[in-house]
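Here is a short report on one protein chain. Look over the sequence and the fold before reading on.

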Amino acid sequence: GAKEKDIENMLELAGLHIRVLEMGGLALDQVRVAARAYAEWDLHNARQVIEREHSLASCGERIHDDQLTLIARRNPVASDLRAIIALAKIAAELDRAGAEACKIARTVMHQSGRPGRGTSRDARHLADLATSLLRSSLEALDLMDGEMADQVIDRDRDLDAEYAAGLRRLLTRALENPAQLEVTVEAAFALKALERIGDHARNAARQVVGIAEQAIPGRQSVP
C-alpha cells in the first residue's frame, strides 16, 4: 500500500545519503593524502591518490545512476525529489574536490622541482583549512545540520583570504628568484587547487542548507 511505498522511498533515500557520505570519506582522504604528498614531496602518496582516482569516479557514477533510478521508479514527492537532486549535486562537488586532489598529486609526480620551505608551509596551512571545511561539510550532511553547513559557507571566506595572502608571498619569492619560475607556476596551481577544494566544500554545504530548510519549516539560512 501507500504506507509501504513511503517506507521503501525513505529507505532508498537513506541509502543514497549513506553512499554520498561514503564518497565524501574517500574524497576527504584523497585531499589529505594529496596535500601531504605536496608538502612532503612524496611520490608514494602522490601515486596512491592517482591510483584511487577511479574509485571516486565509480562512486559518483553509481550515485548518479541511483538518483535516476529513484526518480524514475519511485516517483518521489516534491520534498524527496529536492533531497535526491541535492544529494547528487553534493556527489558532483565531491568528485570535483577529488579531481583537484589529483591535480596536486600530478604536480608531485611531475617532479619538476620541489617547492621551497615557505611555499610548503603555505600549502600545508591551506590544506588544513580545506580539509577542515570538507570534513565539517560532511558532518553537516551526516547530521543534516543546516547551522553547521552555514558555518562552512562563512569559513570559506577565511580560506579565500589565506589563499590570496599565500599567493602574494609566493609571487614575492618568485621575484627574488626568477630561476624558479616553473616551480612557482606549479606551486600557484597547487595553492589554487586547495582553494577550489574549499569552494567545493562550501557548495556542498549550500545543498545541505537546502535539505535542512525543507526538513525544518521556517528555518532560514544565513545570507
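How do the residues of the lining of the largest pocket divide into nonpolar, polar and charged? They divide into eight nonpolar, three polar and one charged. Ala, Val, Leu, Ile, Met, Phe, Trp, Tyr, Cys and Pro count as nonpolar, Asp, Glu, Lys and Arg as charged, and the others, including Gly, as polar.

## Basis of the model

The model is predicted: local features need pLDDT of at least 70, side-chain atom pairs count only at pLDDT 80 or more, and totals for chains, interfaces and linings use all residues. Residues are numbered from 1 along each chain as its sequence is written, and side-chain values use heavy atoms, with hydrogens and water left out.

## Overall fold

The protein chain has seven helices and zero strands. Helices (H or I, at least four residues) and strands (E, at least two) are DSSP runs, numbered from the N terminus. The C-alpha atoms fill a box of roughly 75 × 35 × 20 Å along the principal axes.

Of the 223 residues, 46% count as buried. Buried means under 20% relative accessible area, exposed over 50%, and partly exposed in between (1.4 Å probe, protein chains only). Take the contacts (heavy atoms within 4.5 Å) between residues at least 6 apart in sequence: 83% join residues at least 24 apart.

A pocket is an open set of points on a 1 Å grid over the protein atoms alone, where a 1.4 Å probe fits, with protein on both sides within 12 Å along at least five of seven lines; lining residues have an atom within 4 Å of a point. A volume is the space filled by probe spheres set on the points.

The largest pocket has a volume of about 200 Å³. Its lining has 12 residues, and Leu13, Asp80, Ala83, Met144 and Ile211 lie nearest the centre. Helices α1 (2-40), α4 (78-110) and α7 (181-215) each supply at least two lining residues.

The second largest pocket has a volume of about 150 Å³. Its lining includes Arg114, Arg117, Arg173, Asn177 and Gln180. Two or more lining residues come from each of α5 (117-143), α6 (146-176) and α7. This lining divides into three nonpolar, six polar and three charged residues.

## Helix α2

Helix α2 (residues 43-51) has Asn45, Ala46 and Val49 as its buried residues. They cover an arc of only 100° around the axis, so they sit on the same side of α2. The arc is that of the directions from the helix axis to the C-beta atoms. The face turned away from the buried side carries exposed His44 and Glu51.

At the start of α2, a side-chain oxygen of Asp42 comes within 2.9 Å of the backbone nitrogen of His44.

How values were computed. A polar contact is a pair of N or O atoms within 3.5 Å; within protein, one must be able to donate a hydrogen and the other to accept it, and residues adjacent in sequence count only if both atoms are side-chain atoms.
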